[in-house]
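Let me put the model up on the screen, and then we can walk through a few spots together.

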Amino acid sequence: MPFKPWESYKTSMNKWGKLALPQKHLRFYPPTFILRDPIVEGVELCFKQGHQAAMIVFNHANLDELLHNHEIQNIKLYNKMVKDLFIKATKDVFPDQLIISMHNHLVNGHAIIVKVEHENCVSEIEKLMNEIMSIVLTQLSQHYREVSFQFESGYIFIERGQTTIKEAILKAYQQANTMAEKKTTSTFNELRFEMNRIIQHKDIRLMAQPIVDVSTNQTTAYEFLTRGPSGTHLENPLQLFAVARQMNLLFDLETIVLERAFEQIQKQKNDELVFINFTPITLANPAFIKVVRRMLIRFRDVNPYRIIFEITERDSIDGYKHFGEHIKALRKMGFQIAVDDTGAGYSSLHTISEVLPDIIKIDRSVIQDIDTNKVKESMLKGLLLIAKETGSIVVAEGIEKEEEASVLSKNNVDLAQGYFYAKPQLLPGMVSSL
């Protein structure tokens with residue numbers, strides 16, 4: 001279904017509730033919706049800073065039923081209360097500097113645009129969405145004890161570079177709303193068809209970013225990074241994995257990444273280590289170890305001792321029944337284990353204590369401007385002590401300046417990666433598609 005012109009959405013979009021730019025207070029605009037420049041500027045600034053922007057939508061699924069509920073006597077007051085609850089809950093959950101905008105859409109929905117600073121952030125967004133939903137539902141239940149409330153939620157990342165930012169925001173809103181509703185709509189079917197086609201044809205590309213020895217500046221490893229079909233809105237890995245996750249195709253996608261990686265490693269026949277990213281959801285899938293064993297049989301020249309399974313995202317590993325036994329099984333086969341995003345939150349530290357990884361990757365948030373921030377350098381030293389206790393090698397991620405690299409060298413960090421050393425690239429002979 002082609003996207004309608006922006007003007008046709010004016011009457012269906014209510015009020016922007018907040019512009020999280022320098023302003024600290026909520027600002028409400030007239031009911032006729034006009035996309036204000038500050039919103040576009042907020043997304044544009046987010047892109048210029050090298051971050052992503054995500055559109056999150058919450059829809060009131062059973063609002064029509066509540067119109068006939070005797071406990072809700074004034075639907076206008078009820079809608080205002082729900083709106084205020086979503087605004088407050090969003091402010092409680094998301095740091096203010098990450099909120100680009102909040103607004104009502106239609107009569108039963110609420111949309112948020114947030115800045116995304118981390119590459120492995122899909123599960124973190126879902127966690128924060130669940131926190132918002134929990135706060136709102138708890139508050140509503142206290143006001144209306146005999147009422148059942150149902151909300152839907154969805155999210156999508158705003159595309160950059162394909163169209164104007166204004167058009168990209170509208171498109172993201174439509175797609176996020178589609179993911180929330182998950183109904184048989186043309187837009188949802190198009191997304192589902194495209195994801196199924198990617199899975200069926202294994203239409204992904206692998207890029208490789210070098211990881212260097214800090215003391216010698218020599219490349220000792222590569223991290224394989226996934227890209228979707230070139231020139232499409234699913235080329236962006238955040239978009240690709242977010243859609244796959246919401247359509248329950250994450251395991252299928254990540255096993256294709258594994259196959260591509262094995263294919264590339266066998267083709268290259270070199271000695272460098274290779275990092276391959278996996279979410280805890282996939283690592284804990286009952287079928288995962290069988291898939292890995294099939295790959296080892298199929299690609300007999302691949303040495304598992306060269307491969308590092310990197311646990312990405314900020315999902316807690318608690319509650320995943322097969323996670324621990326699968327980590328043990330992978331180690332028995334010869335694979336090494338790494339934990340990503342260390343220093344970005346509690347979950348990575350908890351994972352380290354449970355997994356005792358061979359390699360700890362320190363998040364970019366710790367490294368950025370570490371040369372001018374003594375607190376961050378102290379954090380680095382603390383993480384190095386943790387690595388020493390667990391016998392782990394340390395990789396610092398996201399190095400962009402010589403000054404940051406100097407701090408790593410001074411503190412005897414083992415390995416590092418980032419644009420200062422090299423950008424992700426296609427290796428000679430690297431397979432881009434079949």
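So, a question to start with: is histidine 51 buried or exposed? Keep in mind, by the way, that this is a predicted model. Histidine 51 has a relative accessible area of 14%, so it is buried. To find it, go to the loop between helix 1, residues 37-48, and strand 2, residues 52-60. As for its neighbours, if you skip residues up to four places away in sequence, histidine 51 touches Cys46, Lys115, Val116, Glu117 and Arg160.

Here's another loop residue. Valine 147 sits between helix 4, which is 122-143, and strand 5, which is 151-157. Its relative accessibility is 9%, and because the cut-off for buried is under 20%, valine 147 counts as buried too. Along the chain, valine 147 and leucine 66 are 81 residues apart, yet their C-alpha atoms are separated by 8.0 Å.

Now, on to the barrel. Eight strands close up here, and the order goes 6-7-8-9-10-11-12-13, with mixed pairing. Let me zoom in on one pair. Strand 8, residues 273-278, runs parallel to strand 9, residues 307-311, and the two are joined over 5 bridges. If you want a landmark there, look for isoleucine 276, which stands opposite phenylalanine 309 in strand 9.

What about the helices on those strands? Helix 8 lies across strand 6 (205-213), strand 7 (219-227), strand 8 and strand 9, and it runs at about 170° to strand 8. Then there's helix 14, residues 374-390, which packs on the sheet and touches strand 10 (336-342), strand 11 (359-362) and strand 12 (393-396). The direction of helix 14 makes about 170° with that of strand 11.

Last stop, and we're staying with helix 8. How does helix 8 cross helix 10? The axes of helix 8, residues 250-268, and helix 10, residues 288-298, come within 11 Å, crossing at roughly 20°. That makes the two helices roughly parallel, and the crossing is right-handed. On the helix 8 side, the contact is made by Phe251, Thr255, Leu258, Glu259 and Phe262. Helix 10 brings Phe288, Val291, Val292, Met295, Leu296 and Arg298. Sort the residues of that contact by type and you get 8 nonpolar, 1 polar and 2 charged.

That's my tour. Who wants to go next?

Technical notes:
Residues are numbered from 1 along each chain as its sequence is written. This is a predicted model: local features need pLDDT of at least 70, side-chain atom pairs count only at pLDDT 80 or more; totals for chains, interfaces and linings use all residues. Side-chain values use heavy atoms; hydrogens and water are left out. Axes are lines fitted to C-alpha atoms, for helices over the stretch in contact, and angles run from 0 to 180 degrees between N-to-C directions. Helices (H or I, at least four residues) and strands (E, at least two) are DSSP runs, numbered from the N terminus. Angles under 35 degrees count as roughly parallel, over 145 as roughly antiparallel, 65 to 115 as roughly perpendicular and the rest as oblique. A crossing is left-handed if the near helix is turned anticlockwise from the far one by less than a right angle, and right-handed if clockwise. Contact means heavy atoms within 4.5 Å. Ala, Val, Leu, Ile, Met, Phe, Trp, Tyr, Cys and Pro count as nonpolar, Asp, Glu, Lys and Arg as charged, and the others, Gly among them, as polar. Buried means under 20% relative accessible area, exposed over 50%, partly exposed in between (1.4 Å probe, protein chains only). Two strands pair if DSSP finds at least two bridges between them.
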